[in-house]
Each structure stands twice: as structure tokens, then as C-alpha cells.
Amino acid sequence: MMGYITASALPGASLTAATTAATAKTSSTHFVLLLLTASILQFGAAYQPEFAEPIVNLTVPLGRDAIFRCLVHHLGGYRVGWVKADTKAIQAIHDHVITHNPRVSVSHNDHTTWNLHIHNVQEEDRGQYMCQINTDPMKSQLGFLDVVVPPDFIAEETSGDVMVPEGGMVKLTCRARGHPEAHVQWRREDGGDIIVREPSGHRTRVTSYQGEVLRLMKVTRSEMGAYMCIASNGVPPTVSKRIIVNVHFHPVIQVPNQLVGAPLGTDVTLECIVEASPKSINYWVKGTGEMVISSAKYDVQVAAKSLFEVQMTVTVRNLEKDDMGSYRCIAKNSLGEVESNIRLYEIPGPTRAYNLPFDEEDYGEQFGSAEREQDEDFSNSVGRPSLHMTPGPPRATYDTLSESHVPYGTVPSCVAIIVATAAAMILPLFTLVLFTI
Ligand SMILES: *[C@@H]1O[C@H](CO)[C@@H](O)[C@H](O)[C@H]1NC(C)=O
């Protein structure tokens with residue numbers, strides 16, 4: 001401050017006045033004008049100073065530098081000052097910085113271009129800046145500095161991963177700040193639809209949902225997965241947050257083929273589809289309670305079909321009489337346990353098994369997920385058997401094995417599947433011949 005006083009050597013201004021002005025952090029504009037006017041008394045001017053062009057408004061991202069340019073013609077002995085219009089805080093007079101803000105500096109070329117530099121702009125720098133010439137009356141013009149801030153999530157008001165029982169409600173929140181105000185939208189990571197249920201009960205499917213709060217009502221297992229909330233306000237970078245929605249439910253087993261007939265000496269694969277969340281422990285038990293594990297006899301496999309579906313298979317190799325009987329697939333999770341029975345029986349014949357047409361109506365009733373929302377368009381379809389061959393073995397033989405189900409078997413080898421599928425698709429008559437011979 002003392003440096004300013006000595007260096008400026010304002011004619012006509014008393015040292016006391018200058019000291020007061022310089023030390024007062026928020027000197028009033030008027031006082032500065034008085035100071036500036038005083039300084040000019042001893043300089044004559046041929047022309048009156050005037051602004052050559054308006055100040056260009058600036059939009060600057062947080063942390064970058066801003067430079068206001070004030071172009072003045074015929075400045076003569078007058079001086080140019082910068083004042084922040086809203087707070088009246090004097091930034092600079094001529095080539096001296098007045099404000100204590102260390103991020104502010106000034107520069108000028110010839111007496112025409114007067115620059116105010118604000119380094120590393122902060123939100124408090126936003127506002128109008130006035131370029132003044134100390135004429136009487138003073139001349140001034142304004143430039144606006146907008147400081148834009150990229151979006152950012154407010155951690156305390158943004159959801160983390162959630163767990164919800166099926167049928168329950170989930171409220172996901174992502175609050176974002178930024179300038180201008182950030183806009184939040186939701187998407188599913190897998191690109192699937194978001195099901196929005198309005199209070200009326202009406203549901204709509206959308207690929208993206210706008211708003212800081214996303215409510216999932218009567219949530220189903222198909223709504224399980226990763227949701228992304230994306231905040232943007234036109235200032236890069238856009239930010240996103242990933243929120244996992246876990247939907248919990250009692251395990252359910254679906255069995256495509258409950259009765260499997262195969263001749264001795266062939267390999268046969270038994271299959272169960274398990275739906276469970278949290279993930280279940282899955283295993284097979286033969287007959288009275290011997291757990292089936294992979295060996296020369298058995299090949300036990302588990303394949304994930306979706307976030308909550310797995311296909312359990314056991315291939316029984318080289319069937320013998322002892323292999324016939326019941327096989328139970330069992331699934332357990334923290335919400336419960338379920339099992340389903342598959343009956344493997346011997347059929348005569350060299351190396352073939354038979355499939356009867358699959359009965360779609362019975363399927364859902366007996367093996368479908370009783371707990372799942374009965375909702376055609378949103379329910380998850382479980383793979384239906386693709387092999388529909390005719391004819392099958394006589395139904396009468398298997399009546400005792402199932403109350404309502406039409407029995408059918410699995411085909412023992414890949415070769416047979418390929419042959420039979422191709423045959424069934426291309427030439428049903430040929431299939432008939434093939435199997436009746
Ligand atoms: C700067 O912005 C203000 C409004 O904030 C506007 O009135 C003025 O015309 C703008 N100046 C220029 C040079 O665009």
C-alpha cells in the first residue's frame with residue numbers, strides 16, 4: 001500500500017487522504033473518483049477520453065484466468081480504474097492494483113488498452129466489473145464475468161448401492177451442484193428400460209429418466225442391475241455415478257424337463273434353471289441324499305444366464321440301471337431354499353431319447369416363479385426347450401410319473417440333437433420315419 005502511494009504520486013491528493021483510501025479495503029467508488037479527479041487537475045487534455053468499444057463479457061471455467069479489456073481513446077492525462085460493481089471494491093487504478101486479492105493484476109498497452117487480469121477465477125469473482133475514466137463527470141462501462149463450474153455430486157445427498165426385497169420401493173437420489181445449475185438424468189448401464197410407475201399406477205418404460213430422484217415402485221427382479229445418474233450443465237466434464245440396485249427374492253427353480261427317458265449306455269443331461277438373489281448355493285442330490293459331484297460318471301456345470309439366473313446341469317455318462325431314478329436340484333440363499341425333482345428313467349431302444357411337445361400352460365403353473373410379479377410384458381422369460389420333436393413315447397406309460405405334465409426326454413448326444421433338430425425343422429415326416437423305424 002505504501003508502495004502505491006509513493007509510486008502513484010497523485011498531484012493534489014493529500015498523503016492522509018491517499019493513505020485512508022489505500023488502506024480501506026472497500027473504498028467507495030465515489031472516493032476513488034474524487035482521488036482520480038484530483039489527480040487530473042494539473043493535466044490539460046486536447047480531447048475528451050472516450051471508450052473505443054464495449055467490454056466483452058466473459059464466461060470462464062472455475063480455476064482459469066479472465067482478462068477484461070477496456071479500450072480508451074484520447075486518455076490524455078486521465079486515468080483508468082477498475083471497480084467490481086456489486087461490492088464497489090476498487091481493483092486497480094492506472095497501473096496499480098488496489099485490491100488485496102493476490103489473483104488480480106493489471107496491464108496496459110500504449111494508453112489505449114487497459115487490462116484487468118483475474119487469475120484462477122473463483123465463484124466469488126462472478127459479477128460486473130466497471131472500467132472508469134476519471135473525467136468529470138466520470139465515464140464508465142461494464143463487463144460481466146460469469147464463472148462456470150462443472151457439475152459435481154453432493155456426496156451426502158447421493159445414493160449408494162441399494163438392496164430391496166422384490167415388490168418393494170427404491171428411491172435413488174443424485175444431487176449435483178454446478179453453475180449453471182446441473183441437470184440429472186438416469187439410465188440403466190445395460191441400456192435397458194427404466195420402468196417408471198406413476199402414482200396412478202400407470203407405468204411407462206423410458207430409456208432415460210430426468211430428475212434428481214428416481215423412484216422404482218413394486219420393483220421386480222428384472223429391474224435389478226446398475227443404474228447411472230449423469231449430471232451435466234454444459235460445462236465439461238459431465239459426471240456420472242453408478243448405483244447398483246439389488247433385488248432380493250426367495251430362490252425359484254424351473255425345470256424344462258421333469259421327466260427324462262434315455263436308453264442304457266447313452267449320456268443324458270439334466271437341467272434346472274435357478275433364479276435367486278442374493279446368489280444361491282446350487283447342487284444336485286441323487287435319490288436319497290448323495291450329493292452329485294463331477295467325476296467320471298457325472299459332469300456338473302453351472303452357467304450364469306443373467307444377473308440372477310443360472311443354469312445348472314448334470315450330465316450322467318454311459319447310463320446304467322443304477323443311474324435311473326430321481327435327481328434333485330437344490331438352491332439355497334439367505335431368503336430360503338427350494339428344490340425340484342427330475343426323474344430319469346430307462347427307455348428301450350438303441351441310443352435315442354424322445355421329447356414330447358412342451359406343454360406351455362402347465363409350465364408356468366407348476367415350475368414358474370410363483371413369487372414373481374405376474375406381469376407378461378416385464379417378466380423374464382426363461383429359455384424354453386427348443387427341441388420339439390414328434391412323436392414321443394406313448395403317454396400312458398408315464399402317467400403315474402406326473403400329475404399334469406407331458407413327459408419327454410432329452411437327447412443323449414449332440415449328434416442326435418443336430419440331426420433331430422434339423423430333421424424336425426426341415427422335414428417332420430422324415431423325423432417320423434426316423435423314429436418309428
Ligand atoms: C454483457 O452482459 C450484459 C448482461 O449481463 C448485457 O446487458 C451487455 O449487453 C453485455 N455486453 C456485451 C458487450 O455483450
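User: How many of the 437 residues of the protein chain count as buried?
Analyst: A residue is buried if 20 or more other C-beta atoms lie within 10 Å of its own, exposed if 12 or fewer, and partly exposed in between, with C-beta atoms placed from the backbone. Here 28% of the 437 residues come out as buried. Keep in mind that this is a predicted model: local features need pLDDT of at least 70, side-chain atom pairs count only at pLDDT 80 or more, and totals for chains, interfaces and linings use all residues. Residues are numbered from 1 along each chain as its sequence is written.

User: What is the mean pLDDT of the protein chain?
Analyst: pLDDT is the predictor's confidence in each residue, from 0 to 100. The chain's mean is 78, and 69% of its residues reach 70 or more. Over residues 1–45 the value is below 50, and that stretch has 60 contacts beyond near neighbours in sequence. Two residues are in contact if their C-beta atoms, placed from the backbone, lie within 7 Å. Residues 357–437 also stay under 50, with 111 contacts beyond four places in sequence.

User: Which residues touch the most other members of the largest nonpolar core?
Analyst: A nonpolar core is a set of buried Ala, Val, Leu, Ile, Met, Phe, Trp, Tyr and Cys residues joined through C-beta atoms within 7 Å. In the largest one, of 25 residues, they are C70, L116 and C131. Among the elements giving two or more residues to this core are strand 3 (66–73), strand 8 and strand 9 (127–133). Apart from this core lies another, of 24 residues, including V252 and M312.

User: In what order do the four strands of the open sheet run?
Analyst: Strands of a sheet pair through backbone hydrogen bonds, either parallel or antiparallel. Strands (E, at least two residues) and helices (H or I, at least four) are DSSP runs, numbered from the N terminus, and two strands pair if DSSP finds at least two bridges between them. Here the order is 1-3-8-7, with antiparallel pairing. Strand 1 (50–51) and strand 7 (104–109) each have a single partner strand, so one side of each lacks a neighbour in the sheet. Strand 7 pairs with strand 8 (residues 113–118) over six bridges, and V106 has L116 as its bridge partner in strand 8.

User: Which residues surround the ligand?
Analyst: A residue is near a molecule or strand if its C-beta atom, placed from the backbone, lies within 6 Å of it. The ligand has P54, V56, N57 and F144 around it.
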